[in-house]
Amino acid sequence: MPTIQLTVDGDAVAREVDARLLLAHLLTDVLDRSGVNVGCDSTNCGACTVLLDGRSVKSCTVLAVQADGCEVTTVRGLAADGEWHPLQTAFRDCHALQCGYCTPGMIMAACDLLRATPDPTDDEIREGLEGNLCRCTGYAPIVAAVRQAAAASRTEG
Ligand code: FES
Ligand code: FES
């Protein structure tokens, strides 16, 4: 079996993995990262979204071996020096979660959206998050939260 080395939320990780192991299952089953949820296992829901070298990916569509040498960030890696990321604060402030199952993936997808588009319109937010489903259908507060986080990030920046 191949051995891979990667960084997960700042931690160096080396593991021997089955060549067929998905990154989502490496993160959840092997590395016990509770900030990654698996909803569909088939690229539909986005609950498993993480950043791979800064770009959002659905980790159930990526083989663990493809992450060899990469930097993976889950929602647990977003806070810095004990301070929440503006998206985490905004999701709390805007009540943008109900059961919370979609929330880590939504936040990671929104992270990449704001990297590419720091001042998005509501339509751009909806388009940027269209690959992430919320079974509680709380889309309006999610859009509001991303809007708030974008404004806060621009102010901080
Ligand atoms: S679990 Fe990966 S997209 Fe649903
Ligand atoms: S808050 Fe329940 S799935 Fe989105």
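Contact here means heavy atoms within 4.5 Å, and helices (H or I, at least four residues) and strands (E, at least two) are DSSP runs numbered from the N terminus. This is a predicted model, where local features need pLDDT of at least 70, side-chain atom pairs count only at pLDDT 80 or more, and totals for chains, interfaces and linings use all residues. Residues are numbered from 1 along each chain as its sequence is written, chains are lettered from A and ligands numbered from 1 in the order in which they are written, and side-chain values use heavy atoms, with hydrogens and water left out.

**View 1. Helix 1 and what covers it.**
Helix 1 spans residues 23–30, and its buried residues are Leu23, Ala24, Leu26, Leu27 and Thr28. Buried means under 20% relative accessible area, exposed means over 50%, and partly exposed is in between (1.4 Å probe, protein chains only). The cover over those buried residues includes strand 1 (3–8), strand 3 (49–52) and strand 5. Look just past the helix for Asp32, which takes a positive phi of about 60°.

**View 2. Thr73 in strand 5.**
Thr73 sits in strand 5, residues 71–73. With a relative accessible area of 15%, Thr73 is buried. Skip its neighbours within four places in sequence, and Thr73 is in contact with Asp9, Val50, Leu51, Leu78 and Met108.

**View 3. Helix 2 and the residue that follows it.**
In helix 2 (residues 86–93), the buried residues are Pro86, Leu87, Gln88, Ala90 and Phe91. They pack against helix 3 and helix 5. After helix 2 comes His95, with a positive phi near 55°. His95 belongs to the loop between helix 2 and helix 3, and at 64% relative accessibility it counts as exposed. From the C-alpha atom of His95 to that of Gly138 is 9.0 Å, although the two are 43 residues apart along the chain.

**View 4. Helix 2 against helix 5.**
These two helices pack at an angle of about 140°, with their axes 8 Å apart. Axes are lines fitted to C-alpha atoms, for helices over the stretch in contact, and angles run from 0 to 180 degrees between N-to-C directions. That makes helix 2 oblique to helix 5; angles under 35 degrees count as roughly parallel, over 145 as roughly antiparallel, 65 to 115 as roughly perpendicular and the rest as oblique. The crossing of helix 2 past helix 5 is right-handed, a label used if the near helix is turned clockwise from the far one by less than a right angle, with anticlockwise giving left-handed. On the helix 2 side you'll find Pro86, Leu87, Thr89, Ala90, Phe91 and Asp93, which meet Ile142, Ala145, Val146, Gln148, Ala149, Ala152, Ser153 and Glu156 in helix 5. Sorted by class, this contact has 9 nonpolar, 3 polar and 2 charged residues. Ala, Val, Leu, Ile, Met, Phe, Trp, Tyr, Cys and Pro count as nonpolar, Asp, Glu, Lys and Arg as charged, and the others, Gly among them, as polar.

**View 5. Helix 3 against helix 5.**
Helix 3 (residues 103–116) packs on helix 5 (residues 139–156) at about 45°, and their axes are 11 Å apart. This pair is therefore oblique too, and helix 3 passes helix 5 in a right-handed crossing. Helix 3 brings Met106, Ala110, Leu113 and Leu114 to the contact, while helix 5 brings Tyr139, Ile142, Val146, Ala149 and Ala150. The class tally for this contact is 9 nonpolar, no polar and no charged residues.

An α-helix has 3.6 residues a turn, so residues three or four places apart point the same way. Asp123 counts as exposed at 56% relative accessibility, while Arg126 is partly exposed at 47%.

Asp18 pairs with Arg20 in a salt bridge whose closest N and O atoms are 3.3 Å apart. Asp18 is partly exposed at 30% relative accessibility, whereas Arg20 is exposed at 68%. In the salt bridge of Arg92 with Asp93, the corresponding distance is 3.1 Å.

Notes. Salt bridge = Lys/Arg side-chain N within 4 Å of Asp/Glu carboxyl O.
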